[in-house]
Amino acid sequence: IRKRQDVSGKLADLYRQRDELAAAQKQGATITPGTANGPELDKRINDAQAALADADAALQAASPNYGQLVQQVVPAKDVFAALHPAEAFAAITLSSDDGWVFLLHSGTITVAKIDGGVKQIAGLVRNVRRGIEITTAGLPAFDIADDQKLYQMTLGGVASALQGVKSLVVAPAGPLLSLPFEALLTGPAQETDLANAPWLIRQFTIAHVPAPSNFVSLRKIAA
């Protein structure tokens, strides 16, 4: 799964480079020395597409139901129809350089950019998880700063659209799949008084799903 995510992120980045190159050439802009040219980018894209196909084949062999679980596409109207009153759905996507948060609530989609890619997010997640996993020496110090940064980078950009929400369903991506969103801090906190810190779980009931399609399927089963 991680290999497929890495290759997908690389392929998305290559598509972005090709689009930027085409736009620069159309405008007659000077191409920065060292920038990959069109044929070179096309070759890299072909190689990445082949690697993605290999990763898909390996994943299908290892877990035949995985594709059905997370790769189906559902329209936003289906997600809205599956939401309960006072419930919102947050879908998060990541690339190598940045990402996006899409919040669906009350018939409205709010979008916010994540100024950080997979590598940066992965480092922050590791630091936060290190503070909530007991070791032989006991419970380590909790990384308040990185935890708050993760909140600001992900849900912070759509916080204003969460007014009136009591239940939040999150479909993360990449390293965020291993993050318990309940442990995110929405504001200042003191290491000596974490019991009274503004944890996200104090605001919402939180559920995690692999993908929007999985959320819609689960609600249909529940109905």
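How close do the axes of α5 and α6 come, and at what angle do they cross? Before I answer, a word on the source: this is a predicted model, in which local features need pLDDT of at least 70 and side-chain atom pairs count only at pLDDT 80 or more, while totals for chains, interfaces and linings use all residues. Residues are numbered from 1 along each chain as its sequence is written, and side-chain values use heavy atoms, without hydrogens and water.

The axes of α5 and α6 come within 9 Å and cross at roughly 135°. Axes here are lines fitted to C-alpha atoms, for helices over the stretch in contact, with angles from 0 to 180 degrees between N-to-C directions. Helices are DSSP runs (H or I, at least four residues), as are strands (E, at least two), numbered from the N terminus.

At the contact (heavy atoms within 4.5 Å), residues of α5 including Ile-121, Leu-124 and Val-128 meet residues of α6, among them Lys-149, Leu-150 and Met-153.

I turn now to the aromatic rings. Rings of Phe, Tyr and Trp (its six-membered ring) pair if their centres lie within 6.5 Å; planes under 30 degrees apart count as stacked, over 60 as edge-to-face and the rest as tilted. By this rule there are two aromatic pairs. The ring centres of Phe-89 and Phe-215 are 5.0 Å apart and the planes lie at 40°, so this pair is tilted. Phe-89 belongs to strand β1 (residues 87-94) and Phe-215 to helix α7 (residues 212-222), so the pair ties together parts 126 residues apart in sequence. Both Phe-89 and Phe-215 are buried, that is, under 20% relative accessible area, with exposed over 50% and partly exposed in between (1.4 Å probe, protein chains only).

Phe-142 and Trp-199 form an edge-to-face pair, 5.4 Å centre to centre with 75° between the planes. Phe-142 and Trp-199 are both buried.
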